[in-house]
Amino acid sequence: MRAAAARIGLGAVMLLAPGIGRRLFGVPDVQDNSTVRLVARLFGVRHGLLGVWALQVQGKSAEERRLCYRLNAAADAVDVAALAIAGIFGDGLVQAAIMGSALGASELLAWVDLLGDVGNEEPPGGSVALA
């Protein structure tokens, strides 16, 4: 599942190399400090855990997958809202807000798309034609 892999990959970057993550998102050098790196690492942990959970629910019940995908979508929606606020009111964070919102919105759409597919899967062995 690509959405989960993307979440895990981003989480790993933010956890293990928050300076690279900061630059990827466009946070200015002058705002790089230990607090920013700590928050980036916490963000990375959350992303990694949500991504691993999304991988683990594959093949589980529709109810379990819906819960996972809804919570992943909610996390991305809240991220996009927080980034919009930071872009409007944060000093020098417009580029970071745009980059983060683009990524968050695309992930949000991926989770919504997955939610739409839950329960619509073909049964094992393919579809059965009724005569």
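Which residues of α3 are buried? I started the notebook with this, noting that buried means under 20% relative accessible area, exposed over 50% and partly exposed in between, with a 1.4 Å probe and protein chains only.

Conventions. I am working with a predicted model, in which local features need pLDDT of at least 70 and side-chain atom pairs count only at pLDDT 80 or more, while totals for chains, interfaces and linings use all residues. Residues are numbered from 1 along each chain as its sequence is written, and side-chain values use heavy atoms, with hydrogens and water left out.

Helix α3. I took helices as DSSP runs (H or I, at least four residues), numbered from the N terminus. The buried residues of α3 are Ala40, Gly44, His47, Gly48, Leu50, Gly51 and Ala54, and they pack against α1, α2, α4 and α5, where contact means heavy atoms within 4.5 Å. At the N-terminal end I found Asn33 as the cap, with a side-chain oxygen 2.9 Å from the backbone nitrogen of Thr35.

Gln31. I looked next at the loop between α2 and α3, where Gln31 is found; its relative accessible area is 22%, so Gln31 is partly exposed. Leaving aside neighbours within four places in sequence, Gln31 is in contact with Val36, Asp91 and Leu93. Gln31 and Leu93 are 62 residues apart in sequence, yet 9.4 Å apart in space, C-alpha to C-alpha.

Asp76. I found this residue in helix α4, and it counts as buried because its relative accessibility is 2%. Its side chain is joined to that of Arg7 by a polar contact of 2.5 Å (a pair of N or O atoms within 3.5 Å; within protein, one must be able to donate a hydrogen and the other to accept it, and residues adjacent in sequence count only if both atoms are side-chain atoms). Beyond neighbours within four places in sequence, I listed Arg7, Gly104, Glu107, Leu108 and Trp111 as the contacts of Asp76.
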